[in-house]
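Look at the structure below and follow the chains as you read. The text starts at a loop and then moves to a core.

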Amino acid sequence: MTQSEATLALTTNFGGAILASNDFRSEKTLTVSREALHSICLTARDTLGFDYLVDITSVDHFGDEPRFQICYELYGIEHGVHLRLKISVSEDDAEAPTVSDIWPTADWHEREIFDMMGIRFANHPDLRRILMWDGYPYHPLRKDFPLAGKPSEMPDVAFTNAAPLAGGPFVSLPTDGITQAREPRARSAGDIAPKGQIPLEP
Amino acid sequence: MSTQNPVAYDSKVEGNIIFTQVDAAINWMRSNSLWPMPMGLACCAIELMAASSARFDISRFGAEVMRFSPRQSDVMIVAGTVTYKMAMSVKRIWDQMPEPKWCIAMGACASSGGMYRSYAVLQGIDHLIPVDVYVSGCPPRPEALLDGLMRLQKKIMGEHSLEDQKRELLQTL
């Protein structure tokens, strides 16, 4: 089983459900429809030998529609091939099918995505927050959540306050300039120099 | 012998007798048997462990008896990042410690939140419990913790617990 064989098998079986295919430095990414994800994953595990789910991550494309993207990193221990599946999830219907019945490890990954990004997973066996406490009102990895945090209060459980940022966030620039230019400082998004340009003044 | 020294001992004259004030004796006893409550929350706890092992040997200062029950400890060493999820538990353990009690904030995170200016981290344990000694460093070396401990001992030597108690008693009467 090679990467192209796996891709071919998936495209022949689920032609309409595979929306895009991307090759970047021999990393294969298939963008698939949300409805077909579960059966694609089942096929990938049972007939294509992807028996290991490395990770599930989510991306917030704040301002775009659909807003969220979920990435599944698949791997086969037998054949050593990687494959990435992506689905898009809109904000109004922020729900995705669970794959925890296919790979049990997905259970906690999906709980983390639910906690941090606020995407629900249909048919998940135990969809609770995993990092923050039950009752925390926000989803802190969303782009519209401030870095400093927001105040919240749950008596006898936990509280949060906004952190003093002192003009921050403190960001270091990707540059080969002098040490002072590399030093982490309070910057806003516009301060980041265009590629190739070395800021002389810190 | 200095006139300021609260402990007067002259072996030639007095044999096995020491003249002192009760406060000074109490302070001497307290400061040399500080039983720590190791509140190890992050990497600072590794340095705390190193401080209590053979090379740095925190027992030279009488603080080697790490008590994992707050009811038996005198000083809480908050070693590490205090997340908001953990904060109320730290407070609760502090409340369970009997008086007199002291607190050492070990490292940048416990003192001020350190590099974690974020939604998840309490910006210094002094928002919840009173801190006697702050130890800088990320993480502090064991010597720094020992220095903090010695400063705490010095602070305890200057307390007037019996005098204060007497004054309080007189005020209530």
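**A loop and a core**

Pro151(A) lies in the loop that joins strand S7 (120-122) to strand S8 (152-154) of chain A. The model is a predicted one. Is Pro151(A) buried or exposed? Pro151(A) has 8 other C-beta atoms within 10 Å, and a residue with 12 or fewer counts as exposed, so Pro151(A) is exposed. Apart from neighbours within four places in sequence, its contacts are Thr160(A), Asn161(A) and Ala162(A). Pro140(A) is 11 residues away from Pro151(A) in sequence, and their C-alpha atoms are 12 Å apart.

Now turn to chain B. Strand S3(B) pairs with S2(B) in the parallel sense over 5 bridges, and Trp102(B) in S3(B) is the bridge partner of Val75(B). S3(B) also pairs in the parallel sense with S4(B), over 3 bridges, with Ile104(B) opposite Val133(B). A right-handed β-α-β unit is made by S2(B), H4(B) and S3(B). The crossover from S3(B) through H5(B) to S4(B) is right-handed too.

In a regular strand, side chains alternate between the two faces of the sheet. On one side of S3(B) are Trp102(B), Ile104(B) and Met106(B), on the other Cys103(B) and Ala105(B), and all are buried. Because 5 of the 5 residues of S3(B) are buried, the strand is largely enclosed by the rest of the structure.

The largest nonpolar core has 37 residues, and Ile77(B), Val78(B) and Met106(B) have the most contacts inside it. Elements giving two or more residues to this core include strands S2 (75-79) and S3 (102-106) of chain B. Among the residues that Val78(B) touches are Cys103(B), Ala105(B) and Met106(B).

Key: Residues are numbered from 1 along each chain as its sequence is written. Chains are lettered from A and ligands numbered from 1 in the order in which they are written. This is a predicted model: local features need pLDDT of at least 70, side-chain atom pairs count only at pLDDT 80 or more; totals for chains, interfaces and linings use all residues. A nonpolar core is a set of buried Ala, Val, Leu, Ile, Met, Phe, Trp, Tyr and Cys residues joined through C-beta atoms within 7 Å. A residue is buried if 20 or more other C-beta atoms lie within 10 Å of its own, exposed if 12 or fewer, and partly exposed in between; C-beta atoms are placed from the backbone. Helices (H or I, at least four residues) and strands (E, at least two) are DSSP runs, numbered from the N terminus. Two residues are in contact if their C-beta atoms, placed from the backbone, lie within 7 Å. Two strands pair if DSSP finds at least two bridges between them. A crossover is right-handed if, with the strands pointing away from the viewer, the path from the first strand over the helix to the second runs clockwise.
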